[in-house]
Amino acid sequence: MHYTQEDFTEELLQTISSLEKELLDFSEDFLDKYDPELVRKYKMEAEFELSGTHPFKPGYRSAVSVLIADEEDSMLIRTISIWSCTAHFLGIPVSAKMIGSKLVGELLDDSAEFVKNELRSFIRENMGIQDKRMV
């Protein structure tokens with residue numbers, strides 16, 4: 001969902017923080033739910049990515065990623081962006097806020113539960129797991 005600087009409210013900040021917290025917790029506990037045999041066979045990682053200092057400052061970005069690598073070191077990565085804030089000048093992204101630029105934010109349209117299911121599906125599809133109970 002697209003937000004302009006006028007939409008940057010305390011309520012939006014709470015929404016972003018809550019979504020990030022839930023997906024951070026998910027990424028930290030993610031591998032504990034898998035069969036240890038699968039984890040040994042594949043290298044799997046779940047990571048919460050965060051850059052920037054404040055959600056309403058340019059350069060802030062949060063995302064959650066899952067990486068799967070097999071014995072041949074072939075890697076598959078699925079990254080889902082949660083929130084990003086950029087400065088735009090005349091519609092063009094710029095690296096820092098400057099006179100005349102506007103802040104723009106992009107928030108994930110889906111719920112945290114949808115993202116969790118999406119990441120589980122990514123693993124099932126790419127590891128050939130048929131039984132949904134295994135992931």
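**A first look at this protein chain**

Hi everyone. The protein chain we have here has three helices and six strands. Please keep in mind that this is a predicted model. As for overall dimensions, the C-alpha trace spans about 55 × 30 × 20 Å along its principal axes.

Let's turn to the strands. Which way do strand E1 and E6 run relative to one another, parallel or antiparallel? They run antiparallel, and three bridges join them. Strand E1 covers residues 2–4, and within this pairing His 2 stands opposite Glu 106 in E6. E6 also pairs with E4: here six bridges join the two strands, again antiparallel. In that case His 88 stands opposite Lys 102 in E6.

Now for the inside. The largest nonpolar core has 32 residues, and the members that touch the most others are Phe 8, Leu 12, Ile 68, Trp 83, Leu 119 and Ile 123. Which elements give two or more residues to this core? On the helix side they are H1 (10–29) and H3 (112–127), and on the strand side E2 (43–51), E3 (61–69), E4 (75–89) and E6 (102–107). Across the 135 residues of the chain, 38% count as buried. Among contacts with a separation of 6 or more, 56% come from residues 24 or more positions apart.

Methods
Residues numbered from 1 in each chain as written. Predicted model: local features only at pLDDT ≥ 70, side-chain atom pairs only at ≥ 80, totals over all residues. Heavy atoms only, no water. Core = buried A, V, L, I, M, F, W, Y, C linked by side-chain atoms within 4.5 Å. Buried < 20%, exposed > 50% of the residue type's maximum accessible area, 1.4 Å probe, protein only. Helix = DSSP H or I, 4+ residues; strand = E, 2+ residues; numbered from the N terminus. Contact = heavy atoms within 4.5 Å. Pairing = 2+ DSSP bridges.
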